[in-house]
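Dear colleague,

I am handing over the structure we spoke about, and it is shown just below.

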Amino acid sequence: MTKFRVDRRTVLKGTGAGIVALGAPHFFIRNAWAQQFCNDPTKGKIVFGFNVPQTGTYAEEGLEQLTGYKLAVQHINGEGDGGMLNTFKPKSLKGNGLLGRKVEFVTGDTQTNTDAARDGARRMIERDKAIMVTGSVTSGEAIAQQALCQERGVIYMSGLTHSNDTTGKDKRRYGFRHFFNAYQSGVAIAPFLAEAYGKDRRAYHLTADYTWGWTQEESIKAATEALGWQTVATVRTPLGLGDYSQYLTPVLNSGADVLILNHYGHDMVNSLPQAVQFGIRERQANGKNFEIVVPMFSELMAVGAGDAVKGIIGTQNWNWQLDDEASKAFTQSYGKAYGAPPSQSAHTGYVQAILYADAVERAGTFYPPEVIKALEGFEFDGMGNGPTLYRDSDHQCFKEVLVVRGNEKPSSRFDVLNVIGKTARNEVTYDPTIFGGELGPYEPNQC
Amino acid sequence: MNALLAQLLNGLDKGGAYALIALGLTLVFGTLGVVNFAHGALFMLGCFCAVTFRYLITIERVTTDPNKLSPWGAPVEVRTPVVQEWFGDFGAILVDYSVPISLLIAVPLMLAIGIAMERGLIKHFYKRSHAEQILVTFGLAIVLQEIVKSLFGANPVPQPTPADLRGAADIGVWFGMAPHVLTYPWWRLIYLLFSVGVIGGVFAFLHLTTFGMVVRAGMADREAVGLLGINIDRRFTIVFGLAAVVAGVAGVMYTPLLAPNYHLGMDFLVLSFVVVVVGGMGSLPGAVAAGFLLGILQSIASVT
C-alpha cells in the first residue's frame, strides 16, 4: 500500500486544481452577473427621483420644473390627456406605464445648493432606490448630480442648466441635457442683435462670477465679436449681489453703448431694473441709443424684473406661445392641470422624463448602457422644439433656439416675453471637441 | 475723477441704509446691552410692510368670462383694481405712491413688532451672556425669515418707484459740470435725504426731549437712573421699538432699489455688525459715520 504523502508539491497541485474546478462555472455565468446594475426595478418599484430646488434662490423655477415632471409621470402611466405623448414621434411608449408597469416618483430639495443637490441625489439612489435622477436649475447642481450619478451607475437627466460645461468639459456618459447652452444662445442671438442694434457697437459685460456666467460671457463675447462688435470690458459681479449700483456707475462713462447682463434669476431681477433706474436706456453713447441685452431669460425672471424687461432681447429654450402642435398640446394639458401656462423650466422637465421613459421602452430594459445607447443619436420631433437630435458625442440636444423680446404691453404675467425669431438647429450645432471633456465608460458602477 | 464722484454718491445712499440699521443696533446695544442678530430681519420686515401694503392696495376684483378661453384652456380673467373703483384717479395715485405711503402703516406696525419682540423674548436674556443673546436672536431671525418665505414665496417681489420719481437726476449740472457726466437715480437721492432726515430725527429725539435725556442717562448708568425712581425698563422697551421702526422705515424706502426677498435681512446684517463694531459699540455718531464710510468704501472698491 502506498503511503499517501502530504508534501508541499502535492498541496500546491491540489490547490491549483481546486481553484480551477471551483472557478470554471464562473466563466459561463460571467455575463449574467454583468447585467446587475443599481436599483434594478425588476425586483422592486420603478422610481424616478425629482431633485429640484424647492427652497433657496431658484425655488420658484424648481417648483415649476417639478410640476412638469409630475405631469410627465401621469402621462407615462396613461392618466390625463397624454399631452405631448400625442405629438411625440417616434414614440415607443404605449401609455400603459413603463414596460407595462406604473412609474412612481420621489422628490428632493436641492435648496439651490450644489452640495445639497449631491446629497439629495445620493439619498434618492440609496434610500429610495431611484432608477433615474433628474432635475436642476443651476449648472452647479446639474454638474454635481451628473458626476454622482455616473459614479453610482444611475442615469441623470439634467433639468435647467445653461453652462457649456454640463455637456462640455464636465460631460458624463450617464448625463443627458435637453436644455440649450450658452454657446447656442450666443449664436442664436447674434443676428437679432445685429439687426436691432447694428454691427458697430461697443459692449460692456457684467457677469455673474461662477461657471455659468463665465461660459455665457465667453460665448456671447465670441458671437458678438464675430459680428463686428467690440468688447470694452468684462466685469465679474459676485453671485447673489443685491445692489449693483457700484458696477453700473462705471458703465455710463466707459465708452460702451451696449450693456450685456450675464445674470440669471435674482441677479438679473436686481441688475436689470437697477440699470434701467440709472437711466441707461435713456442715454446716448457714441451717437446711438444705449441698449441692454440679457442673453438668457426665464419667464419668472421677466416677471420679477417688472417694467424693466420691456423691449429687452434675450433667448429661451421654449415658450408656451409657440404655435406648433406639440407646444399647443403641452400648454393645454398643463393649463388644465395647473391653471397657468407652462414655463420653459416645466417644459424641459416634462420632456426629459418622457425621453428617458421612451428610451427604456425602446431598449426593452432598464439596464443603463442599453438605455444610454437608445438615447445616443436619437432623432425625434413633436416635443415643442422642432426636429431634435440627442447627439451621441456629448449627450446634448440640438434643436432650434428661440430669440425673445420683452413685451411692451403684456396682458398678464404670462406673456411678458414675445418670441421674435427662431434660429435653426444646424446654425447652433457645433463641433463637440471645442469644449473638451470625456464621456467616460458605459459599464455601470455598482451603487 | 467723475467716476470717483459717482461712486462716492453710490456709497452715500447704500451707506444711508447701513447707517440706519447700525443706528438701531447701537441703540439696542447701548441701552439694553443686547446683541441683536434679529435686526436685519427687522429691516426685511419693513420691506415686507411695503409689499403687504401694495398687495392690499392692488387687490383686484376678478371676474371670469367662461365663454372666452385663454390659450391654455383656462377662462380669461378680467381684473379691476378695487381701489381705482372706489377712488378713481386718486386711487391710481395711491397705488403709484404705495411705497412712501406704506411708511404710515410701517411705523406703528414696526413699533408694535419691536415692543413685542423685546417684551416677549429679549427681556429674558438681559442677564445672559452675549453668546446666548446672539443664539436666540439669530434663531429669531431665521424664524422670521421662514415665516416671510412661507407667506410671500421665495421669489423677490419687486416694488416700483413712483412714476414721477423714476429716471436719473443730472447732478453734474448742479455743480457746473457738462450735462450727462454725473447722473444719479432720483430715488437713491431721495433715499439718502430720507436716511439723513431719520438719523437727524433720532438724534434730535435723544438730545432735545426729556425722554431722550432719560435714555441717554440710562445708557450711561442704568442702575443710577433706576435708583432715582425712573422706570427705565419701560423707556428702554420703547427705545427697542424705536430701533425697530428705524430699521423698518429703512427697509420700506429701500424696496424700489432692491426687490425684497426673504433673505435680505441676513445680507444686510453682517455688514451692519461690521459698521457697529468699527463705529464703536454703543457710540451712536460712530455707528452713523461708520455706516456711510463702509458704503463709500464698498463702492470705491469696485472702481477698476
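Leaving aside neighbours within four places in sequence, Trp318(A) is in contact with Gln344(A), His347(A), Gly384(A), Asn385(A) and Leu402(A). Please keep in mind throughout that this is a predicted model. Trp318(A) itself sits in the loop that runs between β12 (313-316) and α10 of chain A. Is Trp318(A) buried or exposed? Trp318(A) counts as buried because 28 other C-beta atoms lie within 10 Å, where 20 or more are required. As a further point of reference, Tyr183(A) is 135 residues from Trp318(A) along the chain, and the C-alpha atoms of the two are separated by 16 Å.

The strands come next. Strand β16 (residues 401-406) of chain A is mostly covered, with five of its six residues buried. β16(A) pairs with β12(A) in the antiparallel sense over four bridges, and within this pairing Thr315(A) stands opposite Val403(A). β16(A) also pairs in the antiparallel sense with strand β17 (residues 417-423) of chain A, here over six bridges, and Val404(A) stands opposite Val419(A) in β17(A).

Turning to the two chains, the contact takes 34 residues from chain A and 31 residues from chain B. On the side of chain A that touches chain B, α2 (59-76), α7 (245-252), α8 (265-277), α9 (299-305) and α10 (325-338) of chain A each supply at least two residues, and α7(A) gives the most, with six residues. By residue type, that side of chain A divides into twelve nonpolar, 17 polar and five charged residues.

Finally, in chain B, helix α12 (residues 264-279) has 16 residues and reaches 23 Å from its first C-alpha to its last, which is close to the 22 Å expected at 1.5 Å a residue. Which residues of α12(B) are buried? They are Leu264(B), Gly265(B), Phe268(B), Leu269(B), Ser272(B), Val275(B), Val276(B) and Gly279(B), and the buried residues of α12(B) pack against α1 (2-32), α2 (39-57), α6 (130-152) and α13 (284-300) of chain B. After α12(B) comes Gly280(B), whose phi is positive, near 100°.

With best regards

Conventions. Residues are numbered from 1 along each chain as its sequence is written. Chains are lettered from A and ligands numbered from 1 in the order in which they are written. This is a predicted model: local features need pLDDT of at least 70, side-chain atom pairs count only at pLDDT 80 or more; totals for chains, interfaces and linings use all residues. Two residues are in contact if their C-beta atoms, placed from the backbone, lie within 7 Å. Ala, Val, Leu, Ile, Met, Phe, Trp, Tyr, Cys and Pro count as nonpolar, Asp, Glu, Lys and Arg as charged, and the others, Gly among them, as polar. The expected span of a helix is 1.5 Å times one less than its number of residues. A residue is buried if 20 or more other C-beta atoms lie within 10 Å of its own, exposed if 12 or fewer, and partly exposed in between; C-beta atoms are placed from the backbone. Two strands pair if DSSP finds at least two bridges between them.
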